[in-house]
Amino acid sequence: MAHDCCSSEECETESIKQVSNTVVCPSCEQKGKKVKIQTLQAMLAVTLEAIDHSTTYRFCRSADCPVVYFGEGGDSFVEEDLREQVYQKHPESEDIFVCYCYRHSPGTIRSEILERGETDVVARVTAGTKAGTCACDIRNPQGSCCLGNVRAAVKQVEESLGTEKQAKKIQEAPAQGGCCQSK
Ligand SMILES: [Zn+2]
């Protein structure tokens, strides 16, 4: 009896099984962190019928990879399928949220430091998570707490401000008669 493989449901299940051990992103081949189906349900801008409830989805944080979520069954969603832009995919952007619950971006952190000389954003986010007023699993594309990213963003902004200050100092410093003095 000929076995019509590709029309049977059994075969489909079989092919999913074959790749079920795949935990790396099908595009960049980096490992991804598991996310809840609830995170996809909240983040997707496309029909939720696209979610395969029999699989586990993971988040790809590679900046140069278009895939945001990939299922262990081989399906994936790219940033354009989401309702939010993904911080990890735009490491140089000032405008994309790093904290999706309280709406902080590298740009808002920068403004705060420029205005007040410092930022207490890490303390504020920490207080929020302790009080349980955040909703990272449904607001943050990575599906988990943003605190590590916020800390990194603060450091990055502080470093860039420090570099800018230093560059300005060098620019403003009067030339001391070196060979590069123009007049
Ligand atoms: Zn990837």
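I kept in mind that the model is predicted.

**Strands.** I started with strand E3, residues 67–71, and found 5 of its 5 residues buried. On one side I looked at strand E2, residues 57–59, which pairs with E3 in the antiparallel sense over 3 bridges. Here tyrosine 57 stands opposite glycine 71 of E3. Next I checked strand E4, residues 76–78, and E3 pairs with E4 antiparallel as well, over 3 bridges. Valine 67 has valine 78 of E4 opposite. E3 and E4 make a hairpin with 4 residues between them. In that turn, I noted that glycine 74 has a positive phi of about 105°.

**Helix H6.** How far apart are the end C-alpha atoms of H6? I got 37 Å for residues 147–172, which agrees with the 38 Å that 26 residues should span at 1.5 Å a residue. I then listed the buried residues of H6: Asn149, Val150, Ala153, Val154 and Val157. They pack against helix H3 (106–116) and helix H4 (121–131). I picked out valine 150; leaving aside neighbours within four places in sequence, its contacts include Val98, Cys99, His104 and Val121.

**Core.** Val150 came up again in the largest nonpolar core, which has 29 residues. Val150 is among the residues that touch the most other members, as are Cys60, Val68, Tyr69, Val98, Cys99 and Cys146. Helix H2 (37–43), E2, E3, H4 and H6 each give two or more residues to this core. Where does the core lie relative to domain 1 and domain 2? Domain 1 (19–81) and domain 2 (90–165) both give residues to it, so the core lies between them.

Key: Residues numbered from 1 in each chain as written. Predicted model: local features only at pLDDT ≥ 70, side-chain atom pairs only at ≥ 80, totals over all residues. Expected span 1.5 Å × (residues − 1). Buried ≥ 20, exposed ≤ 12 C-beta atoms within 10 Å, placed from the backbone. Contact = placed C-beta atoms within 7 Å. Pairing = 2+ DSSP bridges. Core = buried A, V, L, I, M, F, W, Y, C linked by C-beta atoms within 7 Å. Domains from an automatic or database assignment.
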